[in-house]
Amino acid sequence: MNPAIHYHPLVSRPFRRSGAYRELPPSPALAPYIRCFWGGVNPQQAEDDRGGNLVIPDTCVDLLYHINEADGTVQGGFAGINDHSTHAHFVGNGRDVYTTFAIRFYAWSACRFAEDTLSGTLNGYLDAGDRFPALDRQLRQALPRLSTLEERSAFAERLLLTRLAESPAQPLVEEAVQRMLASRGTMDIARLAREVFISTRQLERAFHAAVGITPKRLSGLIRYQMVWQDALRPGPPDLPALVVRYGFTDEAHLMHEFRRYHQLDLRTARRQALEDVGNLQDS
């Protein structure tokens with residue numbers, strides 16, 4: 001990813017800090033491919049009553065593990081890219097302590113670490129070994145022996161760097177995504193195809209294989225995520241400026257598109273997210 005393009009996709013509650021959810025950044029070598037490592041204890045006890053488990057489209061995909069700390073068993077899955085919000089629930093057996101460890105990839109970068117295409121993964125949750133068999137096998141063996149998020153992240157880093165050195169780049173998809181980011185998700189897909197010297201049909205095939213979604217749909221998700229980033233900046237959102245910046249017809253169009261992806265209207269979503277800032281300051 002071009003460091004000059006600031007793109008930092010956010011979850012629904014990006015300022016939340018709890019034992020059930022904590023993020024760690026990747027090393028600089030993996031930063032273009034990995035949004036973060038994350039994990040926590042007893043994820044089923046997250047702040048469900050305050051919308052803490054609302055999963056919004058963040059243009060990322062997750063390789064996700066729940067580890068039973070009592071018997072060392074591991075449940076692993078791969079959550080493909082989403083184009084709508086959903087509520088995630090993890091329910092253990094009700095007696096044991098579970099910890100979570102996950103690798104959050106940018107959706108267009110996960111293919112560098114997979115052993116199969118990501119076609120058919122849109123809004124899906126698959127067994128982790130379905131597309132990442134070698135990585136899944138090594139993680140399942142090691143995670144129960146590692147006790148902290150830092151230890152698990154360091155181990156995963158080593159595996160990912162090895163895989164990255166062995167896997168081919170995806171220059172067409174990467175270049176197209178860079179142009180999407182530079183245009184804030186507002187570029188017409190026909191124009192995008194012309195700029196990367198390929199037909200729209202070929203571009204769609206490449207995106208289906210590498211990302212699991214069409215370039216048009218991904219572009220819309222990028223626009224939504226950038227609106228969400230802007231909405232969480234200090235001060236009330238400048239809606240007329242957002243309309244112009246992101247190519248909406250008017251404020252009603254902006255609000256309708258935001259709610260379509262987020263389930264909540266922009267003001268309510270922002271208020272809930274910023275409640276966590278106040279809680280951090282109070283603590």
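In the predicted model described here, Arg104 is buried, with a relative accessibility of 6%, where buried means under 20% relative accessible area, exposed means over 50%, and partly exposed lies in between (1.4 Å probe, protein chains only). Asp58 is likewise buried, at 10% relative accessibility. The side chains of Arg104 and Asp58 form a salt bridge with an N to O distance of 3.8 Å, a salt bridge being a side-chain nitrogen of Lys or Arg within 4 Å of a carboxyl oxygen of Asp or Glu. This pair links distant parts of the chain, 46 residues apart, with Arg104 in strand S7 (residues 98-106) and Asp58 in the loop between strand S3 (54-55) and strand S4 (60-68). Helices (H or I, at least four residues) and strands (E, at least two) are DSSP runs, numbered from the N terminus. Arg104 and Asp58 also belong to a network of salt bridges that includes Glu23, Arg35 and Asp62.

By this rule, the count of salt bridges comes to 19. One of them joins the side chains of Arg179 and Glu195 at 2.7 Å, N to O; because Arg179 lies in helix H4 (residues 171-182) and Glu195 in helix H5 (residues 189-195), the pair ties together parts that are 16 residues apart in sequence. Arg179 is partly exposed, at 27%, and Glu195 is partly exposed, at 23%. In the salt bridge between Asp130 and Arg131 (2.6 Å, N to O), Asp130 is partly exposed at 43% relative accessibility, whereas Arg131 is buried at 11%.

Residues are numbered from 1 along each chain as its sequence is written, and side-chain values use heavy atoms, with hydrogens and water left out. Because the model is predicted, local features need pLDDT of at least 70 and side-chain atom pairs count only at pLDDT 80 or more, while totals for chains, interfaces and linings use all residues.
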